[in-house]
Structures are given as structure tokens and as C-alpha cells.
Amino acid sequence: MKIYWTKINEIIDETAEIKTFLLDCPEDFDWEEGAHTHFALKGFNEGERPNRSLVRHMSISTLPSEKSIGITTRIRKDCSEFKSILRTYEHGQEVALFKTHSNVPLRREQKNIYLLSSGVGLATFRPLVLEYFNRPDGVKHVHSLNVDSGRQFLFTDLFKSSSEKKFTSQFVDNRVDYYREVEKLASDQDGLFYVVGSDEFLLQNIDLLRMNGIKANQIILDKHKRRVPEFLTF
């Protein structure tokens, strides 16, 4: 396993609680849209065994063409040890990346794609939307639906509807409206449904989609292939 040590080159306050850490790109580090990585803080590998409390599984919210590795995360006032430490990090400090992989690249099958997310889960979809804008072939239309009860909506400059780009975006602030919209989207029986959020959020979406006739092979989750059957086996 190769560990890439790299430095923070910028920290962006997206909202009151959400930050994006932009990291320098190591020379041979590469990734594709929808990628996730193991993001580790200094000291995680200094003992006999890795300190798992200093490692988190994070989505990369940028594309390689942006020349920075973006890690977007919510840091609440009351948070884990990992995020308490990360909150203190500044420009120039080192972090580690390893085991980078994408579970949710764009499927170019001449179908409509629906991006369903909760809160900061939208960060996973940012590079997919950018990749779609850069190369729309093989995709009919993309629709993003995001729910955040705190109304801390992310990337509103990018996630805005455009008939020219065949892209629509919705933000809602409660689950009732969110699931009502999911039901409407599920009327497209041929669509592809990408879902990102907590395990509970995934299961609720899967149940609703399945009840409305969407098949398991139409649902794409940001999970390792060995874990997908836990959610999509019926």
C-alpha cells in the first residue's frame, strides 16, 4: 500500500460548519470522478498498528484537471477526535492519502441520471457534475436532489439548473419534501439513481425506489463492491 503525504494549500469555508481542504497533488496521484480516499492525519502510522481514530474515509470533491485534491467535510462544534484535530490544521500542514478508488463513476448508457444526496454528501457528486459538463456524451440528462435540514447548501454556483446543459438541481430542507420528490423521479423506470449519505439514508432511499419499481441494477451506491449486496440484495 502506497501512502501519499501531501500538504494543505488552501482551506475554504463553504458554510459555517463545512470546509473544503485543497491539497497539493503528488506527482503520480490520480483519480476519477466519484473517487473516495483514506484521509489520515499526522501520527496515524507511528505506532505498531495504525491509529484508526486518525483516519477517515472521504470523498474527493474535485477533478484532476483542477490541480488540487479537494476534501469537503462538515466539522460541528461537538465532533470526533479526528475532526477536532483537523479543525486546527492550517495551510502548509501535511496529511496522508491512500487506498483511492471510485465506486460511482458516470455510467454513460444513454439514460437519465439522478443524484440523490443528504447534506455534505453532495461533495461526492460535484466532480460527477463537472465531468458531465465537460463531456456530456452518453448521458441524456442529470438531475440533482439534495436535502439539508440546516439549509447549508453546498456548491450552489455549480448546482444550478441549466436547460442548455440538460441539468436540473433541487435543494430541499426537510425529508418529507425530499422523499416526495424521489417518488416523482422514480417515475422514470429506466433512470440511473446514484445515492450518497448515511447507511440509514441509503436504505430509506433504496426502499422507496424499489417500492416504485426501480431495479437494484439501476441504483448506484458509494460503497465497496463487497458491501453493495448488504444494501441491494432482496
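Thr62 touches Leu22, Trp31, Ser68, Ile69, Gly70, Arg126 and Pro127, leaving aside residues up to four places away in sequence; a contact here means heavy atoms within 4.5 Å. This is a predicted model, in which local features need pLDDT of at least 70 and side-chain atom pairs count only at pLDDT 80 or more, while totals for chains, interfaces and linings use all residues. Residues are numbered from 1 along each chain as its sequence is written, and side-chain values use heavy atoms, with hydrogens and water left out.

Thr62 sits in the loop between E4 and E5. Helices (H or I, at least four residues) and strands (E, at least two) are DSSP runs, numbered from the N terminus. Is Thr62 buried or exposed? At 5% relative accessibility, Thr62 counts as buried, a label for residues under 20% relative accessible area, with exposed meaning over 50% and partly exposed in between (1.4 Å probe, protein chains only).

Two polar contacts involve the Thr62 side chain. Such a contact is a pair of N or O atoms within 3.5 Å; within protein, one must be able to donate a hydrogen and the other to accept it, and residues adjacent in sequence count only if both atoms are side-chain atoms. The side chain of Thr62 reaches the backbone oxygen of Ser68 at 2.7 Å. A polar atom of that side chain also lies 2.9 Å from the backbone nitrogen of Gly70.

## The antiparallel sheet

Now for the sheets. Six strands form an open sheet in the order E4-E3-E6-E1-E2-E5, and their pairing is antiparallel (6 strands). Two strands pair if DSSP finds at least two bridges between them. Strand E4 (55–59) and strand E5 (69–74) are at the edges with a single partner strand each, so one side of each is left without a neighbour in the sheet. From one strand to the next, the twist averages 40°; axes are lines fitted to C-alpha atoms, for helices over the stretch in contact, and angles run from 0 to 180 degrees between N-to-C directions.

Strand E1 (residues 4–13) and strand E2 (residues 18–23) run antiparallel and are joined by 5 bridges. Glu10 has Leu22 in E2 as its bridge partner, and a hairpin of 4 residues connects E1 to E2. E1 is also joined to strand E6 (residues 94–102) by 4 bridges, again antiparallel. There, Trp5 stands opposite Ala96 in E6.

## The parallel sheet and its helices

A second open sheet has 5 strands in the order E9-E8-E7-E10-E11, with parallel pairing. Strand E9 (167–172) and strand E11 (219–221) are its edge strands, each pairing on one side only. Neighbouring strands of this sheet are turned by 15° against each other on average, direction ignored.

Strand E10 (residues 192–196) pairs with E11 in the parallel sense over 3 bridges, and Tyr194 stands opposite Ile220 in E11. E7 and E10 pair in the parallel sense too, over 5 bridges, with Leu116 opposite Val195 in E10.

Why is E10 largely enclosed by the rest of the structure? The reason is that 5 of the 5 residues of E10 are buried. In a regular strand, side chains alternate between the two faces of the sheet. For E10, buried residues cover both faces: Leu192, Tyr194 and Val196 on one side, Phe193 and Val195 on the other.

Helix H2 (residues 122–134) lies across strand E7 (111–118), strand E8 (139–147), E9 and E10, at about 155° to E7. Helix H3 (residues 175–185) also packs on the sheet, where it touches E7, E8, E9 and E10, and its direction makes about 165° with that of E8.

## Aromatic rings

The whole structure holds 12 aromatic pairs. Rings of Phe, Tyr and Trp (its six-membered ring) pair if their centres lie within 6.5 Å; planes under 30 degrees apart count as stacked, over 60 as edge-to-face and the rest as tilted. Here are two of the pairs.

| Pair | Centre to centre | Angle between planes | Type |
|---|---|---|---|
| Phe29 and Trp31 | 5.6 Å | 50° | tilted |
| Phe159 and Phe167 | 6.0 Å | 65° | edge-to-face |

Phe29 and Trp31 are both buried. Phe159 is buried with a relative accessible area of 2%, and Phe167 is buried with 0%. Ring pairs also link Tyr132, Phe133, Phe159 and Phe167 into a cluster.
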